[in-house]
Amino acid sequence: MRDMLLIALYALLGAAAAGVAGALVLRALRHRSVAVSLTVVAAVTVTAMLAGTLAVAQAMFLSAHDLTVVTMVVAMAAVVSLATALLLGRWVVARSRELTLAARSFGEGGSFAAPGGASTAELDALSRELAVTSDRLAASRERERALETSRRELVAWISHDLRTPLAGLRAMSEALEDGVVQDPERYFRQIRTEVDRLNSMVGDLFELSRIHAGALALSPTRMSVYDLVGEALAGADPLAREHGVRLVGEGVEPVPVEVDGKEMTRVLANLLVNAIRRTPADGTVAVAAERRDEWVVLSVTDGCGGIPEDDLPRVFDTGWRGSQARTPPAGAGLGLAIVRGIVEAHAGRAEVSNVTGGCRFEVSLPTAAAPR
């Protein structure tokens, strides 16, 4: 038993010496290629085995011939181990370089394509993660391009919409100043109308800037959807009468929600005004609210004739106005963008779909938690 313990001790001391030396070499070469590291690991393994064997052989007083045989066997094992480690390292390095080139391509604006051929499990996992990152980056670039296009359109449309009333205000003010106006009261009313229009546009821009900056402060309170829809219908009724459009709000369930009443009233008001202006006279705008699982869905259905399928994904984009048939006589295309921003701030979603004779805008909000 004592002899076995001595043999184990000598073997441990010899292997430990080789291991410490190998660790120091690995630390010095830690920034080198993985092929070098694998070769060092294989060399340390064989050296540790050789050191332990030699230490035991010396302690056991083996003959010179036996010691030479053992050393030769270990040396042959060392050659095979080092060759195998070197080949494995070169293979891993080659796959890593291919992966680096593929990653560089999508980093420069392209898309990631995983290199072909067999690879290690870790490199395969890295390839999958890079592919997912590439898809997300492509989607982000697409959103950025769409946002930039939307901003350019917004600037162009806002410039046009501001220039028109400002030109009218200047002409009317000059006419009043020169005293060539036959009916000054009519000019005053028109000036007030144009000023209100400009004020509305500036208010929409300010609201949209707060939404995009994440500065929209909400004060949610528990309230019934029935009351929320009732207030919105009452506010939109004069405009509906002016356009000869019937407002219907019979399918409204009294479901509780926790929302900012002021902001959500603005959402419904924007949807109703949008629907009324695009529904022909004697048409109907229907408002409904129902519970679907954990959501409360408010819908506004108009008689606009529908939206082209290609335009549906852009309806809530900033500055979107749609086709010429749907272009309103006023406004800058900010109402629906504000709707989406406010709804998403409430952890909800806004959607649109075509129905027979028109389209339906749906606002989905989380239901209010049961009172404790």
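Modeller: Let us start with a definition: a residue is buried when its relative accessible area is under 20%, exposed when it is over 50%, and partly exposed in between, using a 1.4 Å probe and protein chains only. Helices (H or I, at least four residues) and strands (E, at least two) are DSSP runs, numbered from the N terminus. This is a predicted model, in which local features need pLDDT of at least 70 and side-chain atom pairs count only at pLDDT 80 or more, while totals for chains, interfaces and linings use all residues. Residues are numbered from 1 along each chain as its sequence is written, and side-chain values use heavy atoms, with hydrogens and water left out.

Biologist: Which residues of helix 8 are buried?

Modeller: In helix 8 (residues 335-345), the buried residues are Leu336, Ala337, Ile338, Val339, Gly341, Ile342 and Val343. Their cover includes helix 5 (184-212), helix 7, strand 6 (349-355) and strand 7 (358-366), where contact means heavy atoms within 4.5 Å.

Biologist: How is the packing of two helices described?

Modeller: One gives the angle between the two axes and the distance between them. Axes are lines fitted to C-alpha atoms, for helices over the stretch in contact, and angles run from 0 to 180 degrees between N-to-C directions. The axes of helix 5 and helix 8 cross at roughly 35° and come within 10 Å.

Biologist: What is the handedness of the crossing of helix 5 and helix 8, and which residues meet there?

Modeller: A crossing is left-handed if the near helix is turned anticlockwise from the far one by less than a right angle, and right-handed if clockwise. Helix 5 passes helix 8 in a left-handed crossing. On the side of helix 5, Asp204, Glu207, Leu208 and Ile211 take part, and they meet Ala337, Ile338, Gly341 and Ile342 of helix 8. These contact residues divide into 5 nonpolar, 1 polar and 2 charged; Ala, Val, Leu, Ile, Met, Phe, Trp, Tyr, Cys and Pro count as nonpolar, Asp, Glu, Lys and Arg as charged, and the others, Gly among them, as polar.

Biologist: At what angle do helix 6 and helix 7 pack?

Modeller: Helix 6 (residues 225-243) and helix 7 (residues 261-278) pack at about 30°, and their axes are 9 Å apart. Angles under 35 degrees count as roughly parallel, over 145 as roughly antiparallel, 65 to 115 as roughly perpendicular and the rest as oblique. Helix 6 and helix 7 are therefore roughly parallel to each other. The crossing of helix 6 past helix 7 is right-handed, and the residues of this contact comprise 12 nonpolar, 3 polar and 2 charged.

Biologist: Is Ser299 buried or exposed?

Modeller: Ser299, in strand 5, counts as buried at 9% relative accessibility. Neighbours within four places in sequence aside, Ser299 is in contact with Ala286, Val287, Ala288, Arg360, Phe361 and Glu362.
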